[in-house]
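The sequence and structure come next.

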Number of protein chains: 2
Amino acid sequence: MKLFWRQGFEATSTEDLVEGLGITRGSLYKAFGSKEQLYAMALRRYCQHHAAALIEMLDRAEQVRPAIRAALLELVETDLADPVPGCLLVNAATERSAHPDTVQQVSRTMGQIESALAGALERARVRGDIAADKEPRELAQFLTTFLQGLRVMGKARADRAFLENSVEVALGALD
Amino acid sequence: MKLFWRQGFEATSTEDLVEGLGITRGSLYKAFGSKEQLYAMALRRYCQHHAAALIEMLDRAEQVRPAIRAALLELVETDLADPVPGCLLVNAATERSAHPDTVQQVSRTMGQIESALAGALERARVRGDIAADKEPRELAQFLTTFLQGLRVMGKARADRAFLENSVEVALGALD
DNA sequence: CCAGTTATTGACTGATCGGTTCCAAATTCG
DNA sequence: CGAATTTGGAACCGATCAGTCAATAACTGG
């Protein structure tokens with residue numbers, strides 16, 4: 001998974017995968033069928049680990065706004081520590097936009113993130129932590145979009161002040 | 001340029017380029033040196049045409065907020081009409097984050113967009129069209145980040161309601 | 001019209017691509 | 001213990017990769 005994450009689908013050869021997984025060529029094709037299928041599995045694993053962790057954090061959060069801020073700033077730190085890999089979902093969406101299976105998987109996960117955000121924001125609204133006149137679903141869609149931009153800028157311009165400021169302005173949209 | 005734009009660097013073969021440009025293999029290498037150099041030139045051309053057009057639009061705009069809204073909604077329309085190509089800057093940033101030359105070119109262009117936004121927002125603030133207590137530079141960095149997210153979602157989830165709503169919420173952050 | 005220069009060509013190269021095959025070693029089961 | 005089956009692996013496949021080059025074509029000034 002980490003190879004596809006860091007290098008993308010096309011730039012990762014089967015030789016890289018054989019070396020990285022510590023198995024031989026034949027076993028790889030026995031186990032996964034093809035490079036495409038292995039990529040699909042890696043993407044699914046990424047969604048189950050990383051996206052699911054974000055969603056669970058949002059579901060559990062008592063104070064929603066600090067939780068969202070913490071989640072976004074943690075991603076900023078990740079990109080600052082190593083800007084190359086970025087987010088596999090973003091990489092998949094951009095590199096493989098012509099492959100419907102990949103796009104659908106990415107879209108589904110984005111939808112789950114949006115729903116988790118919408119749920120958390122609804123709870124926050126009930127508690128009076130965010131503006132009462134904003135639709136949680138609309139705010140959630142905005143934040144989902146902003147999140148992807150943050151990951152792109154984390155690769156293109158890994159600058160702490162820039163990224164952290166963007167997060168603060170985005171959170172300001174919740175008022 | 002359109003081939004790299006639509007397919008990315010790795011997925012575009014020199015054969016594709018030969019066919020697309022209508023020249024032969026030898027001429028391509030005589031004229032551009034290598035696939036890498038041709039990609040760099042295509043990226044530069046993209047910046048000069050597309051990013052420069054956005055920047056000029058912002059520089060000329062009388063009413064800044066409607067101009068930004070129009071620019072963002074036009075990009076939404078572009079992605080809805082054909083979600084595959086997306087934005088070459090975003091594609092380059094994600095696919096080629098390990099190639100410093102590409103990252104630097106993308107970063108420079110993002111900086112120009114940020115500056116154009118900051119200039120326009122400063123004019124808007126003087127005119128009282130946006131909140132007086134917000135720093136134009138900070139808003140510009142936020143909008144630059146949001147813009148990249150919009151292009152990613154345009155590929156991953158080409159849904160008009162989702163994208164247009166995201167734009168409206170983002171513009172709300174200017175108040 | 002021609003000698004000299006530049007541009008263009010497409011066949012060719014070694015390397016590497018994703019994927020297969022077949023054999024040997026290990027494991028299972030009667 | 002031994003026949004049958006599964007597992008693991010290196011050699012190999014045609015195709016395609018990015019890049020080169022000697023030969024030819026086109027153009028130049030004289």
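## Arrangement of the copies

In this predicted model, chain B can be laid on chain A by a turn of 180 degrees and a shift of 0.0 Å along the axis, with an RMSD of 0.0 Å. The two copies are thus related as by a two-fold rotation axis. The superposition is by least squares on the C-alpha atoms of residues with pLDDT of at least 70 in both copies. B:Gly149 is the residue of chain B that comes closest to the rotation axis, at 1.7 Å (C-alpha).

Of the interface residues of chain B, 100% are also interface residues in chain A, so the copies meet through the same surface. Contact here means heavy atoms within 4.5 Å.

## Surface near DNA strand D

Both chains supply residues around DNA strand D, among them A:Arg25, A:Ser27, B:Arg25 and B:Tyr29. Sugar and phosphate account for 58% of the atoms of DNA strand D that come within 4 Å of the protein. A residue is near the strand if one of its heavy atoms lies within 4 Å of it.

The residues of this surface divide into 1 nonpolar, 8 polar and 3 charged. Ala, Val, Leu, Ile, Met, Phe, Trp, Tyr, Cys and Pro count as nonpolar, Asp, Glu, Lys and Arg as charged, and the others, Gly among them, as polar.

## Phosphate contacts

A side-chain N or O atom of B:Lys35 is 2.7 Å from a phosphate oxygen of DNA strand D.

## Basis of the values

Residues are numbered from 1 along each chain as its sequence is written, and chains are lettered from A in the order in which they are written. Local features need pLDDT of at least 70, side-chain atom pairs count only at pLDDT 80 or more, totals for chains, interfaces and linings use all residues, and side-chain values use heavy atoms, without hydrogens and water.

Methods. A polar contact is a pair of N or O atoms within 3.5 Å; within protein, one must be able to donate a hydrogen and the other to accept it, and residues adjacent in sequence count only if both atoms are side-chain atoms.
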